[in-house]
Amino acid sequence: MSFADLGLSDELLRAVAEAGYDEPTPIQRQAIPSVLMMRDLIGIAQTGTGKTASFVLPMIDILAQGRSRARMPRSLILEPTRELAAQVAENFEKYGKHHKLSMALLIGGVSMGDQQKALEKGVDVLIATPGRLMDLFGRGKIMLNDCNLLVIDEADRMLDMGFIPDIEEICSKLPAQRQTLLFSATMPAPIKKLADKFLTSPKTIEVARPATANASIDQRLLKVDARKKKQVLIDRLSGHDVRTAIVFSNRKTTVRDLAKDLKRAGLRAGEIHGDMEQPERIRELDRFKEGEINILVASDVAARGLDIKDVSHVFNYDVPWHPDDYIHRIGRTGRAGKTGIAITLATPADAEAVEAIEKLTGAKIRPVEGPAAPAEPDAAPAPDDAEAPRRGRARGGRQAQDRPAREERPRREPRPPRAERSERGSARREPEEERPRHDERPARPRRPEPEPDEEGWNGPIPSFLGQTLGS
Ligand code: ADP
Ligand code: MG
């Protein structure tokens, strides 16, 4: 099936062809016709399956009819982080190049002035993080009465970040007669509830089982002795098959130490974690994308949503405490039709965490041969600077919108056609949190209170801010 079979306009098909897409992904195939028919929709598909275009494309055709009025955006897309918001805006720019649609991006770290000007004039599409939107709404700068199309994207991450109450409030300010689209990689109960409350007889599209890891990822479990873990990792990383690898660790200190040790072992390794300033992270990511280094040691928060093409391996140096982090981590490989290998190093003490992952994904992780595992469980690492955000705090998530991952951020200068992403925008430090004790593992760590971060983004500001698309 081709894009032409989906009922999209010729202009849009041209833009899609120019973007280099040959055929729609399964979620796009199923979602686009329904969205064009103005139906409410729930789209569940794992990360990297092209959910963005599945709403951006039909929205462009829908919005091509009619025009915007001052301060009354015609459609609203909610994103959990500014990086994702910026990425969606870039998608609008790319696919909407033959249309004359206007958009505004309301995210932290970008000056409000230009965005407000754009809003004053009226925009067809408003892309926002919930916190920023609520701020502006509170100041009477924006009216949502004319907003007939709402997209709640990355709903499970919204939940992780404590945005559900904000979203409910935003939903109640939109006209009751509207089209609502909700996209998520997984469908936990609170998201289901949200959908039941705010969507009207939605069509549900489920491309893969929720929380099922991508089938193009070969998942392996390597049982190791805690004391030999580092050496096992070094050996594996030195293998010929490892072209590029992201190595995940649960704690920032481990990320730092491990990166040092890998370098000492002669590997071309870099690091990315929440204690690094934004420019430093971007630099490190660039080195990785450009092949100067081929191993990136990363923490969860720093790596959420990174969309880097051609990562051959993901290593879980530590088994993640949260099973959903496992899905996010291994999803850094096996992207865009490529296959990838995800190797999880597990000590006997990790048995419970591994079980939780297998329960979530509904499949056993395939054990592979490695050095013999010890009989005795290793001691739990000392609590230090665990990077364990998410869940729990409802309201506290307000400022959290700007925390994690940036997904795609195309550069302006020409580059080899690799994925062009950089990392989350914040220059702010990640809050510290204690590692959960083993006997308390079932309880998720409380979400740390992030600091406000209004002007903290020193990353590039998208060129299209507040501008009209197309010619
Ligand atoms: P999701 O939101 O499902 O995680 P994205 O919308 O961010 O995924 O898309 C993931 C990647 O796939 C992006 O790099 C995007 O450019 C690419 N992509 C999307 N649709 C297609 C397509 N039809 N053909 C090829 N690549 C695509
Ligand atoms: Mg997405």
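The model is predicted. Start with strand β12, residues 313–316. His313 and Phe315 point one way from β12. Val314 and Asn316 point the other way. All four of these residues are buried.

Strand β12 has parallel pairings with β9 and with β13. Strand β9 spans residues 245–249, and strand β13 spans residues 340–346. The table sets out both pairings.

| Strand pair | Sense | Bridges | Facing residues |
|---|---|---|---|
| β9 and β12 | parallel | four | Ala245 and His313 |
| β12 and β13 | parallel | four | Val314 and Ala342 |

Next comes helix α14, residues 323–330. The helix is mostly covered. Seven of its eight residues are buried. They are Asp324, Asp325, Tyr326, Ile327, His328, Arg329 and Ile330.

The ligand site remains. How many residues surround ligand 1? There are 15. The closest are Tyr21, Thr47, Gly50, Lys51 and Thr52. Helix α3, residues 51–63, gives the largest share of this shell, with three residues. By type, the shell around ligand 1 holds five nonpolar, seven polar and three charged residues.

Note on methods
Residues are numbered from 1 along each chain as its sequence is written. Chains are lettered from A and ligands numbered from 1 in the order in which they are written. This is a predicted model: local features need pLDDT of at least 70, side-chain atom pairs count only at pLDDT 80 or more; totals for chains, interfaces and linings use all residues. A residue is buried if 20 or more other C-beta atoms lie within 10 Å of its own, exposed if 12 or fewer, and partly exposed in between; C-beta atoms are placed from the backbone. Helices (H or I, at least four residues) and strands (E, at least two) are DSSP runs, numbered from the N terminus. Two strands pair if DSSP finds at least two bridges between them. A residue is near a molecule or strand if its C-beta atom, placed from the backbone, lies within 6 Å of it. Ala, Val, Leu, Ile, Met, Phe, Trp, Tyr, Cys and Pro count as nonpolar, Asp, Glu, Lys and Arg as charged, and the others, Gly among them, as polar.
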